[in-house]
Amino acid sequence: MIVARALTKHYRKTVAVHDLSFEVPPGVVTGFLGPNGSGKSTTMRMIMGLDSPTSGSALVNGRTYAELGWPLREVGALLDAKAFHPGRSAFDHLRYLARANDIPLRRVDEVLEAVGLTSVARQRAGKYSLGMGQRLGIASALLGDPGVLIFDEPVNGLDPEGIRWVRGLLQGLAAEGRTVFVSSHLITEMSMTAQRLVVIGRGKLIAETTVDEFTAQSAGKVVRVVTPNASSFVSALREIGAKVTVDQDGAVVVDGLSSADVGRFAAHRSFTLFELTPIRASLEDAFMELTRDAVEFRADGRPIALAASSGPYREEKS
Amino acid sequence: MTNIAAMESPRSRYTMRHVVRAELTKLTSLRSTIWMLLVTVAGSVVVTILSTNSVTHHDPAWYQGFDPTNQAMGGLVLAVLTVGILGALAATGEYGSGTIRASLAATPRRRLFLAGKAVVVGGIVLVVGEVLTFVCFGVGQAILGSGGAPTASLGQPGVLQALLLSGAFLALLALMGLGLGMLMRHTAGAISAYVAVTFLIPVLLNRLPSNPARFTPVPILANSIAAVVRNPGQVSIGLGMLLMLLYCGTALALAAFSIVGRDA
């Protein structure tokens, strides 16, 4: 169980995290979602006691991190892919961590096996690829068999097989009753891994909810209409105050009305419709909607934080 | 998988012993540590060979006031540099690579972490430093003796003390490097600061009246601690050790003050 209470972190003039309160319960994967630069990593570092909050607190199992008797046996964390010395082997890295918390050395071999690094365990970690470094970070997190796990962007640098492996791992850990808190700026990744969501933007809490609720919030409010009289249909809708846009293929997209409302309106004004489709808002749309005002940097009016993953440049891939 | 929760007793927590064992594993698992120690020993012995060989085959009158022990310790000037770098790297290597976050996750009580690191760095350099002073002494006396120069033996008054304290002095220098490394967090900055304190400042102070350079670490080691023949212009052995403890203590105290509360 992780509890953040009014967690706040100010750097000289910038506010990284502001009055952030949330809970991460055991037994489910809780996604920590927000655009890049929204304060996810800072929050996680405060939970780990690495950064000290300006005010507020973060407790793990009811205690601050520094109060934990055997920290690695209570909390396992992957905070960044390169938290190891390039001159030290994976084996030695895990060995020193095991000694620091009196963890039996056979655990080192077990976690190396679990993440698939056994064959390269004696090589200097500086030679590892980003994905192997990520696996070593995951091995460090699992070393003490902890009940609370914190992962900051765990799928970064992993190949598709590795990504699938991490998803299974996180869900497996949660199914064993552990607390699993995993951050991502990729909403699609979260929708496949997490059951609960803590959504932040610009360091502030935007939503603390379940993935299902999150999508349901704005589902079915967008309707796609194809009509031969598009331009007059658009002006008729705008007269009654509806938010209307026209797609590249000429379809009319009505925002904020149900398909039933649009259909009745078209019948009332005697418009011929070829198509009337309610569009279920995706998790991604819900996320964009919620974080619209909370994104740090923008390009062309769209948040660039998400550009690489999805959304705005989706067309390029097809 | 091993069930670790089951073997945990509820009130126990990690102690200095665990920090020291972890730090020992950490330090000895890096090639850079091994290399620095090898360079320290080999380089110092070579400098001692050169410095003792350069004073052989003189007239007996030339050796008036000659200190064979101090001559054999000439190689330690190289060790001053390398043990300081070793100490600094023990800190900056963690910050530079991000290992510090893994280390502090395992050992969140930061002063205990620093203390454990100091015990290991100080301990390793103490052992290597003592071995080094005795090797330099033995090699130096052999060269002096074969070259017709006066020699010293361990039984003579002050010789054993000079060797033991010189080894300990190297350990204090390494700890000063560790303190600077923890404060500065960057390898280049920490090594620059260390070199400034040990080699640059004495050169500058040398030009001032009453020679304040004698109160700085390297002149203390070279002219007071590693000397058997007392030199009137230099600080006493007691004052010299006290000053070095003060320098080292200040660096570590500042590091201890700064490590708590500073974001890692």
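The model is predicted, so local features need pLDDT of at least 70 and side-chain atom pairs count only at pLDDT 80 or more, while totals for chains, interfaces and linings use all residues. Residues are numbered from 1 along each chain as its sequence is written, chains are lettered from A and ligands numbered from 1 in the order in which they are written, and side-chain values use heavy atoms, leaving out hydrogens and water.

**Stop 1: two helices in chain B**

Select residues 159–184 and 187–205 of chain B, which are helix 7 and helix 8. (Helices are DSSP runs of H or I with at least four residues, strands are runs of E with at least two, and both are numbered from the N terminus.) How do helix 7 and helix 8 of chain B lie to each other? They pack at an angle of about 135 degrees, with axes 8 Å apart, and are therefore oblique. Axes here are lines fitted to C-alpha atoms, for helices over the stretch in contact, and angles run from 0 to 180 degrees between N-to-C directions.

Now show the side chains. From helix 7 of chain B, the residues in contact (heavy atoms within 4.5 Å) include Leu173(B), Met176(B) and Leu180(B); on helix 8 of chain B, look for Ala193(B), Tyr194(B) and Val197(B), among others. The residues of this contact divide into eight nonpolar, four polar and no charged. For that count, Ala, Val, Leu, Ile, Met, Phe, Trp, Tyr, Cys and Pro are nonpolar, Asp, Glu, Lys and Arg are charged, and the others, Gly among them, are polar.

**Stop 2: helix 5 of chain B**

Next, pick residues 99–106 of chain B. Among the buried ones are Ile100(B), Leu104(B) and Ala106(B). Colour their surroundings too: they pack against helix 2 and helix 3 of chain A together with helix 1, helix 4 and helix 6 of chain B.

Zoom in on helix 4 of chain B, whose axis is 5 Å from that of helix 5 of chain B, at an angle of about 105 degrees. The two are therefore roughly perpendicular. Gly93(B), Glu94(B), Tyr95(B) and Ser97(B) of helix 4 meet Thr99(B), Ile100(B) and Ser103(B) of helix 5. This contact divides into two nonpolar, four polar and one charged residue.

**Stop 3: a sheet in chain A**

Move to chain A and find the open sheet of three strands, in the order 2-1-4 with antiparallel pairing. (Two strands pair if DSSP finds at least two bridges between them.) Strand 2 (14–24) and strand 4 (55–60) of chain A each have a single partner strand, so one side of each is left without a neighbour in the sheet. The twist averages 20 degrees from one strand to the next.

Seven bridges join strand 1 (residues 2–11) of chain A to strand 2 of chain A, and Leu7(A) stands opposite Leu20(A). Helix 1 of chain A packs on this sheet, touching strand 1, strand 2 and strand 4 of chain A. Select Thr42(A) in that helix: Thr42(A) is buried, with a relative accessible area of 10%, and touches Tyr11(A) and Val17(A), among others.

**Last stop: a hairpin in chain A**

Finish at strand 8 (residues 196–201) and strand 9 (residues 204–210) of chain A, antiparallel and joined by six bridges. Arg196(A) stands opposite Thr210(A). Two residues lie between the strands of this hairpin, and Arg202(A) takes a positive phi near 50 degrees.

Key: Buried < 20%, exposed > 50% of the residue type's maximum accessible area, 1.4 Å probe, protein only. Parallel < 35°, antiparallel > 145°, perpendicular 65-115°, else oblique. Lists of a residue's contacts leave out its neighbours within four places in sequence.
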